[in-house]
Amino acid sequence: MEFQVRFNNNIALISFRGDENWINMKFVNAFNTALDKVLSNESCVGVVTTGGESNSRFYSNGLDLRWMKNSSLDEVETFLQRLNELKIRIVTFPVLTVAAINGQGRFTRG
């Protein structure tokens, strides 16, 4: 999974590019890579995240429980640790961050 990062007038737009944007290790890694790109642009003063232009049905479908079920306990523990680190990173990110939630945003699965 790869997120698209574009800059327009010192604002970064991070577009999730997955089919349904399930939150799994690939999602976490892609999000961290996108945030690194934002930080590399010293003139950036804001970030907007969106579910992506090509797939406006889902901002996120939440945790990928199927992926978690088929992963080892070590993989799931590592994923949950990395997810918590990502959440802390977003909350403490040095650039104003806004979510433009297009489509559905379930954030949990059940």
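This is a predicted model: local features need pLDDT of at least 70, side-chain atom pairs count only at pLDDT 80 or more; totals for chains, interfaces and linings use all residues.
Trainee: Why is the pair of phenylalanine 3 and phenylalanine 16 called tilted?

Mentor: Their ring centres are 4.7 Å apart, and a pair needs centres within 6.5 Å. The planes meet at 40°; stacked would be under 30 degrees and edge-to-face over 60, so the pair is tilted. By this rule the count comes to eight aromatic pairs.

Trainee: Which parts of the chain does that pair link?

Mentor: Phenylalanine 3 sits in the segment before strand 1 (4-8), and phenylalanine 16 in the loop between strand 2 (11-15) and strand 3 (22-23), 13 residues apart.

Trainee: How do you know whether phenylalanine 16 is buried or exposed?

Mentor: Compare its relative accessible area, 3%, with the cut-off: buried means under 20%. Phenylalanine 16 is therefore buried. Phenylalanine 31, at 7%, is buried as well.

Trainee: Which residues form one aromatic cluster?

Mentor: Phe3, Phe16, Phe27, Phe31 and Tyr59 do.

Trainee: And which residues have the most contacts inside the largest nonpolar core?

Mentor: Among them are Phe3, Phe16 and Phe31, in a core of 24 residues. Helix 1 gives the most to this core, with eight residues.

Methods
Residues are numbered from 1 along each chain as its sequence is written. Side-chain values use heavy atoms; hydrogens and water are left out. Rings of Phe, Tyr and Trp (its six-membered ring) pair if their centres lie within 6.5 Å; planes under 30 degrees apart count as stacked, over 60 as edge-to-face and the rest as tilted. Helices (H or I, at least four residues) and strands (E, at least two) are DSSP runs, numbered from the N terminus. Buried means under 20% relative accessible area, exposed over 50%, partly exposed in between (1.4 Å probe, protein chains only). A nonpolar core is a set of buried Ala, Val, Leu, Ile, Met, Phe, Trp, Tyr and Cys residues joined through side-chain atoms within 4.5 Å.
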